[in-house]
Amino acid sequence: MLDKNGIAKRIAKEVQDGYYVNLGIGIPTLVANYVRDDIEVEFQSENGVLGMGPFPFEGEEDADIINAGKQTITTLPGASFFDSATSFGMIRGQHVDLTILGAMEVSENGDIANWKIPGKMVKGMGGAMDLVASAENIIVAMMHTNRAGESKLLKKCSLPLTGVGCVKKIVTNMAVIEVTPKGFKLLERAPGVSVDDIENATEGDLIIEGDIPEMTL
Amino acid sequence: MINKKVDTISEALKGVSDNMTFMFGGFGLSGIPENAIADLVKRNIKGLTCISNNAGVDDFGLGLLLHQKQIKKMVSSYVGENDEFERQMLSGELDVELIPQGTLAERCRAAQAGFPAIYTPAGYGTEVAEGKETREFDGKMYVLEHAFKADFAFVKAWKGDAAGNLIFKGTARNFNPVMCGAAKITVAEVEELVPVGELDPNQIHVPGIFVQRIFQGETYEKRIEQLTVRERS
């Protein structure tokens with residue numbers, strides 16, 4: 001079973017040379033720590049920066065340079081700033097190669113719910129609906145089950161949707177799963193996790209073909 | 001040169017009144033029009049509809065207007081950082097319309113650029129699209145979203161001149177440029193109002209035609225919402 005950093009490490013392997021990448025808040029943010037340093041990747045933040053760098057050293061923070069989580073950041077050589085319409089133009093126009101975001105639920109047909117729990121304070125969808133509606137390459141980073149132990153990979157989402165039929169791949173603490181036209185397809189197992197464990201933790205139907213390899217990190 | 005410079009903040013905000021719709025630039029607390037907000041607090045006008053990506057924090061940004069119950073309705077994409085906001089929303093005192101962030105930006109830009117509405121894929125198949133016209137283009141579904149209509153847009157830039165030309169700094173740019181010219185009157189406040197001719201025309205982010213009034217803000221607190229630093233190794 002992986003922890004959050006393990007999930008981030010596995011997803012980092014999906015990041016390829018020359019990619020522009022948008023990282024959501026939470027586990028996705030950790031992915032930046034594990035991207036190979038022999039490839040060129042630029043991170044986009046939807047509030048208007050491409051070429052995000054690490055957090056600033058104490059005393060060097062600038063209120064005018066933040067990420068989508070409102071954290072102070074730095075920029076790398078080659079970075080650019082732009083307005084919000086241009087930023088979402090990059091996203092909607094499919095110029096961003098890879099989007100990694102968290103989810104509360106994903107369904108067999110690639111629907112995603114990650115912005116609203118009825119009866120609880122609703123904070124808003126931010127840029128999530130724009131991202132999932134437009135990105136061609138969406139990877140969901142999440143735990144396989146919720147705090148109550150219930151599966152987050154469902155036949156049908158029960159929470160209000162963020163987008164329909166958009167998720168292509170899911171990396172959890174237990175498995176790597178592809179969302180195919182026929183449903184969830186198991187690609188890899190986390191270290192120490194059996195196919196049975198994954199099936200038991202997955203409410204949606206799981207397509208299992210041949211031997212399922214253990215993931216390498 | 002057509003002069004947009006006003007000498008006082010009360011001249012800059014002349015004409016604001018109860019029940020108007022305002023746009024506010026900014027993302028979180030970055031790039032918000034601090035001086036315009038402070039003056040609106042002083043004026044204590046009520047029943048406002050505010051279009052802004054976020055709603056400030058309890059004691060800063062639009063949170064100051066919320067505190068005095070000046071806002072009737074917020075149109076935002078994310079509003080999570082504010083206890084008073086939550087209280088007013090749950091008690092029904094405050095009406096909240098949540099819309100996708102890219103849609104918010106594009107509804108501003110449409111108003112600026114003369115489009116009555118735009119089609120966006122964001123929100124299709126979700127409750128955001130309920131009751132809205134949808135249409136298929138090349139096999140993909142889109143939602144019709146209308147341009148905003150607002151009385152005033154309050155924006156904040158780094159530098160500007162009396163012609164109304166604006167230059168922004170860092171991610172404090174965000175929604176500010178797309179709100180310029182998107183309301184009947186755009187009021188720009190800048191950290192530094194420089195003499196006309198000093199800004200290089202090649203470097204202007206927003207041309208002065210989109211701005212009706214410009215002034216230099218008295219002070220800027222520029223509060224950081226999430227100070228995040230790394231250790232020096």
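This is a predicted model: local features need pLDDT of at least 70, side-chain atom pairs count only at pLDDT 80 or more; totals for chains, interfaces and linings use all residues.
**View 1. Chain A as a whole, by the numbers.**
Chain A is built from 5 helices and 13 strands. Its C-alpha trace spans about 50 × 40 × 30 Å along the principal axes. A compact globule of 217 residues would have a radius of gyration near 17 Å, and chain A agrees with that at 17 Å. Buried residues make up 56% of the 217 in the chain. If you look at contacts with a separation of 6 or more, 61% come from residues 24 or more positions apart. The accessible surface is about 9,300 Å², and carbon and sulfur atoms own 47% of that. As for charge, chain A carries 19 positive and 31 negative side chains, with the centres of the two sets 6 Å apart.

**View 2. Helix α1 of chain A and what it packs against.**
This helix covers residues 4-12, and its buried residues are G6(A), I7(A), A8(A), R10(A), I11(A) and A12(A). Note that R10(A) is on that buried list. The buried residues of α1(A) pack against one helix label, α2 (27-31), and against the strands β5 (98-101), β8 (138-141), β10 (169-171), β11 (175-180) and β12 (183-189), in chain A. At the N-terminal end, D3(A) does the capping: one of its side-chain oxygens sits 3.2 Å from the backbone nitrogen of N5(A).

**View 3. Helix α3 of chain A, with partners in both chains.**
Zoom in on residues 84-92, where S84(A), A85(A), S87(A), F88(A), M90(A) and I91(A) are buried. On the chain A side, the buried residues of α3(A) pack against β1 (20-23), β2 (42-45), β3 (49-52) and α4 (128-134). The N-terminal cap is D83(A), with a side-chain oxygen 2.9 Å from the backbone nitrogen of A85(A). Just past the helix, Q94(A) takes a positive phi of about 60 degrees.

**View 4. F210(B) in its loop.**
F210(B) belongs to the loop that links β10 (185-194) and β11 (213-216) of chain B. Is F210(B) buried or partly exposed? Its relative accessible area is 27%, so F210(B) counts as partly exposed, given that buried means under 20%. Setting aside neighbours within four places in sequence, F210(B) is in contact with Q112(B), C180(B), G181(B) and T186(B). A182(B) is 28 residues away along the chain, yet the C-alpha atoms of F210(B) and A182(B) are separated by 8.1 Å.

Note on methods
Residues are numbered from 1 along each chain as its sequence is written. Chains are lettered from A and ligands numbered from 1 in the order in which they are written. Side-chain values use heavy atoms; hydrogens and water are left out. Buried means under 20% relative accessible area, exposed over 50%, partly exposed in between (1.4 Å probe, protein chains only). Helices (H or I, at least four residues) and strands (E, at least two) are DSSP runs, numbered from the N terminus. Contact means heavy atoms within 4.5 Å. A polar contact is a pair of N or O atoms within 3.5 Å; within protein, one must be able to donate a hydrogen and the other to accept it, and residues adjacent in sequence count only if both atoms are side-chain atoms. The radius of gyration is taken over C-alpha atoms; the globule rule is 2.2 Å times the number of residues to the power 0.38. Accessible areas come from the Shrake-Rupley method with a 1.4 Å probe; for residues, only the protein chains shown count as cover. Lys and Arg count as positive and Asp and Glu as negative; His and the chain ends are not counted. The place of a charge is taken as NZ of Lys, CZ of Arg, CG of Asp or CD of Glu.
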